[in-house]
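Please look over the sequence and the model displayed here, and keep both in view while reading the report.

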Amino acid sequence: MSLQNFVRVHNANLSFWQSVVSQRVRQLLELTGNKVSHNHLLKHPAIAATAKHVTLTAKGTPPGPDTLDLTDPDQQTVYLSHLAYEKALCLVEGDVQRAAALDTEYRKYSDKDIIGFASCVLTFAEYYAKYGGVFAYNDWKELGEDISTYSVINENNGGNGFSLPSDARVAIIGDWGTGLADAQALLVDIIQKHDPHCIIHLGDIYYSGTPEECINNFSAVIKSAFDIAEKDPVPVFTIPGNHDYYSLGWGYYSMVYDLNSEIGTAAFQPASYFCLRTEDGGWQFLGMDTGYNDSNPADQADPLYAGPWLQQNEIEWHQDKLNNFGGATILLSHHQLFSNNAKINGALSDFSALPSQNPYLYQTFLPYFPKIAAWIWGHEHNFVMFENDLLGLSKGRLVGCSAFEELTSSNPYVVNYPDIKNFIDPETGNPIELSTNADLNGVTYYNHAYAIIDFSGRTNPTDPVTTTYYQYPSWGDNPPDNPEATQLYQEQYSLPAASEVQVPYNTGIYLLSQDGQFIGPEYKDYPYMSNDTPVVLQFYPLTTQGNNLSHGDMLRILTTESSVGDKNQLGAFSRKSLYYDDDSNDKTAWYVYKRDTSDGTDIHYGDEVYFVNVDWDQWMLPYDSILYSVLYLTTAENANYFWSITLPQNSALEGITATPKKSPYEKKHLPFTRQEKNVVV
């Protein structure tokens, strides 16, 4: 047993228990005077036992007489890990009576305690007592900092901060903090082959980002990699993942403050979110903290959980950077904006009908998509290039596979949500996928990957930049001979072309909601929301003589579906849901309002607009139906819900005409909010 003992679970307490046991084993091994790598730790029987205990518990079948053969010494050790963990929870929760009962059971097997699990109990409890269950997070507003300069790396220290040269090369790695041998080897490969000006990590230090793990699995490995490569260190910036917050974030913050100390204060990162800009002002990286709101132990198993989301003051910080920067932006997050493999939102959550998308992040950044050249994230241990312009985003890329050993048996390339489409390589006609590598134990892993963004060769500051993705061999106990990175794909990141095309009447369009869903097919005259099969709609003018949409126009919204016959006008009638009908009256009449009229009242493709029903004086928006699934359409007062008008994928559909007939308005919106949750550890 080795790398298969490296178990990742979405549970803060179980992850922290793994950290505590790992720390205890490391201390014991270091007493021998030998250097201890994470690979050595994974071979220790106590780590194997803890991995088994954690796996069983995460599956809802905790170790015990019903799940283990307690006459087997190895399985007794698994049971000891479980008993000690449960006692640690009792101490944290103050359940003295149950702790005593666990002690009685523990003593039956105490002679099998190969590392002293009992000492891990005290470490676990002392840690939570030390921090009192309080999460670390630096809020610029609460700290009284200047929003325009706080955590803008090249504007710290009176303007003497680190900034990217105009010809910089930036390395992007994700989910890299394992401390394993191939993680270090991958970083050495990056340093030697690409000589980057800085390295950016997309989060997750395993198991739970304790101070000890942040050193041994991250900062010390980085230092060692530069030593092996015989290169001077360059700045490393990192955003937290969910695992970094499984020990309340204190290990992450203590590490990030010191991460670039050898370089000096110029590259100091003061927060879990940051902005890094090129010297010529053409490009900026914005790293966000999505880990903070995925730190609850029950999040991943909670059918009511959707997200994560950003802290409100951090949203304001990002908006400031996007509003006041004239160049192109690359967004960085640990969590996904969307996925075609992993479920993001719970089955009973507010966004159960959007299992593969994060509406919180989508709503925050959708207004800025015209300024965003690419969004790179991790969390899933895979490499995926999603379809360009998917849901309005120029490029969405998953790079979460820089170190975690992903078994082929986990099937990360299975498409569970086909509406989230992959980019297809025009040369091969296939998606771009990682290769695999089998170690000598017969276990097969997917390779690792990283990205290099090259800013050289630009004539103008906002010219496109070249991004190249590389895969690097992964291995268990036995590294391959002379492992080398190979190129996966190369592409250009560029500012999305600003749409100067006005939306014409009587021409096919799609309507994309602010949550990232299209209006889809009708069923019994009721339109559904759907990304799999968006429906071509048209606008028919009622109060304008012009050929194109303008702010304040009155119009009808028509479906081109033949199934509705003459009942093709979308109306707000007496029922909760909107439906199609042939009545040409105020119920099927809508005002269209451009959300931002600073550049004029003409409405272009990609602009965000409100639709207000003439009869009801209410905004059109998706309707939270049974089980809170966003399925239908309705209207609501003061909703201020916006839509984007996009071109259909099949341009042949344009030009379809339809006919109906007949009459004014505006209101303000309450911004989308979600009540903060109380995290109990």
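This is a predicted model: local features need pLDDT of at least 70, side-chain atom pairs count only at pLDDT 80 or more; totals for chains, interfaces and linings use all residues.

Residues are numbered from 1 along each chain as its sequence is written, and side-chain values use heavy atoms, with hydrogens and water left out.

**The largest pocket**

The largest pocket holds about 1500 Å³ of space. Its lining is made up of 43 residues, and those closest to the centre are Pro370, Gly392, Tyr605, Gly606 and Asp607. A pocket here is an open set of points, on a 1 Å grid over the protein atoms alone, where a 1.4 Å probe fits and with protein on both sides within 12 Å along at least five of seven lines, and a lining residue has an atom within 4 Å of a point. The volume is the space filled by probe spheres set on the points. By class, 19 residues of the lining are nonpolar, 12 are polar and 12 are charged, where Asp, Glu, Lys and Arg count as charged, Ala, Val, Leu, Ile, Met, Phe, Trp, Tyr, Cys and Pro as nonpolar, and the others, Gly among them, as polar. Strands β15 (510-513) and β26 (643-646) each give at least two residues to this lining, and β26 has the largest share, with 3 residues. Helices (H or I, at least four residues) and strands (E, at least two) are DSSP runs, numbered from the N terminus.

Helix α8 covers residues 211-229, and its 19 residues reach 26 Å from the first C-alpha to the last, close to the 27 Å expected at 1.5 Å a residue; the expected span is 1.5 Å times one less than the number of residues.

**Strands and their partners**

In strand β7 (residues 372-377), 6 of the 6 residues are buried. Strand β13 (residues 465-472) is largely enclosed by the rest of the structure, because 7 of its 8 residues are buried. The table lists pairings of these strands, where two strands pair if DSSP finds at least two bridges between them.

| Strands | Sense | Bridges |
|---|---|---|
| β6 (residues 328-333) and β7 | parallel | 5 bridges |
| β12 (residues 448-454) and β13 | antiparallel | 7 bridges |
| β13 and β14 (residues 486-493) | antiparallel | 7 bridges |

Among the facing residues, Thr329 stands opposite Ile372 in β7, Ala449 has Gln471 in β13 as its bridge partner, and Tyr469 stands opposite Tyr489 in β14.

**Backbone details**

Gly307 and Pro308 are joined by a cis peptide bond with omega of about 15 degrees, and Pro308 is found in the loop between β5 (283-287) and α10 (312-323). Ser151, which is not a glycine, has a positive phi of about 60 degrees, and with 0% relative accessibility Ser151 counts as buried. Asp195 likewise has a positive phi, near 45 degrees, but Asp195 is partly exposed, with a relative accessible area of 38%.

Conventions
Buried means under 20% relative accessible area, exposed over 50%, partly exposed in between (1.4 Å probe, protein chains only).
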